Amino acid sequence: TVEGSEFQTHDDQEKYKIVVDCIRELGDTCRKILTYYYFDGLGMPEIAERLNFANTDTAKTKKYKCKKKLDSLIKERYS
């Protein structure tokens, strides 16, 4: 039905807004890493270079920690 699909779209937009709001609260480095990775589609080598990390492994570790922090923020606020 048309109503069902409108609800689904709204639901997705709401989820997107929640994620974006939480990303904004993470701090500058985490925000940049997650935005580059998930929204801009950059790989770890490009992210490491843009943020002047020592190497790709540093970027991967930082992304992992930022993602965990984001997940817990989302769960804490919106579950």
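Mentor: Start with a cut-off: buried means under 20% relative accessible area, exposed means over 50%, and partly exposed lies in between. Keep in mind that this is a predicted model.

Trainee: Why is C30 called buried?

Mentor: C30 has a relative accessible area of 8%. The limit is under 20%, so C30 is buried. C66, at 0%, counts as buried too.

Trainee: What makes C30 and C66 a disulfide?

Mentor: Their sulfur atoms are 2.0 Å apart. The cut-off is within 2.5 Å, so the pair qualifies as a disulfide. The structure holds one disulfide. This pair links distant parts of the chain: C30 sits in helix α2 and C66 in helix α4 (residues 56-78), 36 residues apart.

Trainee: Why is the disulfide of C30 and C66 called left-handed?

Mentor: The torsion about the S-S bond is about -75°, so the disulfide is left-handed.

Trainee: Which residues of α2 are buried?

Mentor: They are C30, I33, L34 and Y36. These residues cover an arc of only 165° around the axis, which puts them on the same side of α2.

Trainee: What follows α2?

Mentor: G41 does, and the phi of G41 is positive, near 70°.

Trainee: What makes Y16 and F39 an edge-to-face pair?

Mentor: The structure holds two aromatic pairs. In Y16 and F39, the centres are 5.8 Å apart and the planes are at 85°. Pairing needs centres within 6.5 Å, and edge-to-face needs an angle over 60 degrees. Y16 lies in helix α1 (residues 2-25) and F39 in helix α2, so the pair ties together parts that are 23 residues apart in sequence. Y37 and Y38 also form an edge-to-face pair, 4.8 Å centre to centre with 85° between the planes.

Trainee: Why does Y37 count as partly exposed?

Mentor: Y37 has 32% relative accessibility. The band runs between 20% and 50%, so Y37 counts as partly exposed.

Trainee: Which residue lies over the face of Y37?

Mentor: K63 does, at 4.5 Å from the ring centre. Likewise, R50 lies over the face of Y36, at 4.9 Å from the ring centre.

Key
Residues numbered from 1 in each chain as written. Predicted model: local features only at pLDDT ≥ 70, side-chain atom pairs only at ≥ 80, totals over all residues. Heavy atoms only, no water. Buried < 20%, exposed > 50% of the residue type's maximum accessible area, 1.4 Å probe, protein only. Helix = DSSP H or I, 4+ residues; strand = E, 2+ residues; numbered from the N terminus. Arc of directions from axis to C-beta. Phe/Tyr/Trp six-rings, centres within 6.5 Å; stacked < 30°, edge-to-face > 60°. Lys NZ or Arg CZ within 6 Å of the ring centre and 35° of its normal.
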